[in-house]
Amino acid sequence: MPRATAGLIAVAALLSACAGTPAALRPQAIQAGAPETKGYLSGTLIQTLADATPPPPVVGSSTDLADKARSSQFKTLEDGDRWLLATAHAELRPPLALQHFDCALGVRLGSATTPNLNKLMQRLFDDSDAAAERVKARGFRARPVGDDAERRSCQRVTEAGRKSASYPSGSSTVATVYGEAFAALDPQRATEVRRIAQEMGLSRLVCGMHYPSDVAAGEVLGKAVFEAASATPGFDADLAAARAELVAARATGLTNPGCAAERRALTTPLP
């Protein structure tokens, strides 16, 4: 087995052990020992952002059919390197999910003490999850694994999870917000961290958990959530505190041993 692939399997196993998508993450699922935090946005503003998101494609429409045709092509990636990376990307909760950005940032967040960074990202997670769930409540679209009972997912998924709403992708919404936040924390690496956020969204296509339109809508919603959150009182102070921790983490010189595996996986051509 190539060393890079072995490393990716280890990372995927570590992160997928408690992986979950935002829709499945309720208070009881928040990591043990982590303080519950509220987001930056009011319920009214979250609703406004949700209302601005268009409805999902109509079943049988040209967009819907194109989504389903492309989704089926992703089956060819099952069990390969990109599939294993998608398994790791299924974990969206801070602080574990923040390690998806280690390689882009040149740090090892898993070996650093970053309470302010974790708090910032948890609050953004809460806002993102709430906004995506409000959109889903307006109109149901089945997931690829819901439309096809035989479709494999790269993560453990319950029957209820198969039947849950697919549009917009809450995972893509959260990943995009993380990417925008890390871009604000480290502008010199903005391109790299935004790429990882986009790859996390693409991983949901690899997993069979979302259709392309779901991911695209999640990206737009995520950017809107971050823009709104970054304009709230206290956000700049939280960002500054998190930036200091990121600088300290980089000063240790530690990097993520899974970066070679990630680079290998990201060279996989997508359908």
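Reader: Which backbone oxygen lies 2.9 Å from a polar atom of the Arg123 side chain?

Author: That would be the backbone oxygen of Lys38. A polar contact is a pair of N or O atoms within 3.5 Å; within protein, one must be able to donate a hydrogen and the other to accept it, and residues adjacent in sequence count only if both atoms are side-chain atoms. Arg123 and Lys38 are 85 residues apart in sequence, yet their C-alpha atoms are 5.6 Å apart in space. Before we go on, a word on the source: this is a predicted model, in which local features need pLDDT of at least 70 and side-chain atom pairs count only at pLDDT 80 or more, while totals for chains, interfaces and linings use all residues. Residues are numbered from 1 along each chain as its sequence is written, and side-chain values use heavy atoms, with hydrogens and water left out.

Reader: Where is Arg123 found, and which ring does Arg123 lie over?

Author: Arg123 is found in helix H6. Helices (H or I, at least four residues) and strands (E, at least two) are DSSP runs, numbered from the N terminus. As for the ring, a charge sits over one if NZ of Lys or CZ of Arg is within 6 Å of the ring centre and within 35 degrees of the ring normal. Here Arg123 lies over the face of Tyr40, at 3.9 Å from the ring centre.

Reader: Which aromatic cluster includes Tyr40, and how should I read ring pairs?

Author: A pair of aromatic rings is described by the distance of the centres and the angle of the planes. Rings of Phe, Tyr and Trp (its six-membered ring) pair if their centres lie within 6.5 Å; planes under 30 degrees apart count as stacked, over 60 as edge-to-face and the rest as tilted. That rule gives four aromatic pairs. In one of them, Phe101 and Tyr178 have ring centres 6.5 Å apart and planes at 85 degrees, so they are edge-to-face. Phe101 lies in the loop between helix H4 (81-89) and helix H5 (102-105), and Tyr178 in helix H9 (residues 170-185), so this pair ties together parts that are 77 residues apart in sequence. Phe226 and Phe235 also make an edge-to-face pair, because their ring centres are 5.7 Å apart and their planes at 80 degrees. Your cluster is formed by Tyr40, Phe226 and Phe235.

Reader: Are those phenylalanines, Phe226 and Phe235, buried or exposed?

Author: Buried means under 20% relative accessible area, exposed over 50%, partly exposed in between (1.4 Å probe, protein chains only). Phe226 is buried at 10%, and Phe235 is buried at 1%. In the other pair, Phe101 is buried at 0%, and Tyr178 is buried at 0% as well.

Reader: How many salt bridges does the structure hold?

Author: Side chains of opposite charge can pair when their charged atoms come close. A salt bridge is a side-chain nitrogen of Lys or Arg within 4 Å of a carboxyl oxygen of Asp or Glu, and the structure holds 17 of them. Take Arg141 and Asp64, whose closest N and O atoms are 3.1 Å apart. Arg141 sits in the loop between helix H6 (115-138) and helix H7 (144-147), and Asp64 in helix H3 (residues 62-73), 77 residues apart. Both Arg141 and Asp64 are buried. Lys136 and Glu133 are three residues apart in helix H6, so about one helical turn separates them. Lys136 is buried at 9%, whereas Glu133 is partly exposed at 24%. Shared partners also join Asp64, Asp67, Lys68, Arg141 and Asp214 into one salt-bridge network.

Reader: Which cysteines form a disulfide with sulfur atoms 2.2 Å apart?

Author: A disulfide is a pair of cysteine sulfur atoms within 2.5 Å, and the structure holds two. The one you ask about joins Cys103 and Cys259. Cys103 is in helix H5 and Cys259 in helix H13 (residues 259-266), 156 residues apart. This link is left-handed, with -100 degrees about the S-S bond. Cys154 and Cys207 form a disulfide too, with sulfur atoms 1.8 Å apart, and both of these cysteines are buried. Counting bonded cysteines along the chain, the pattern is 1-4, 2-3.
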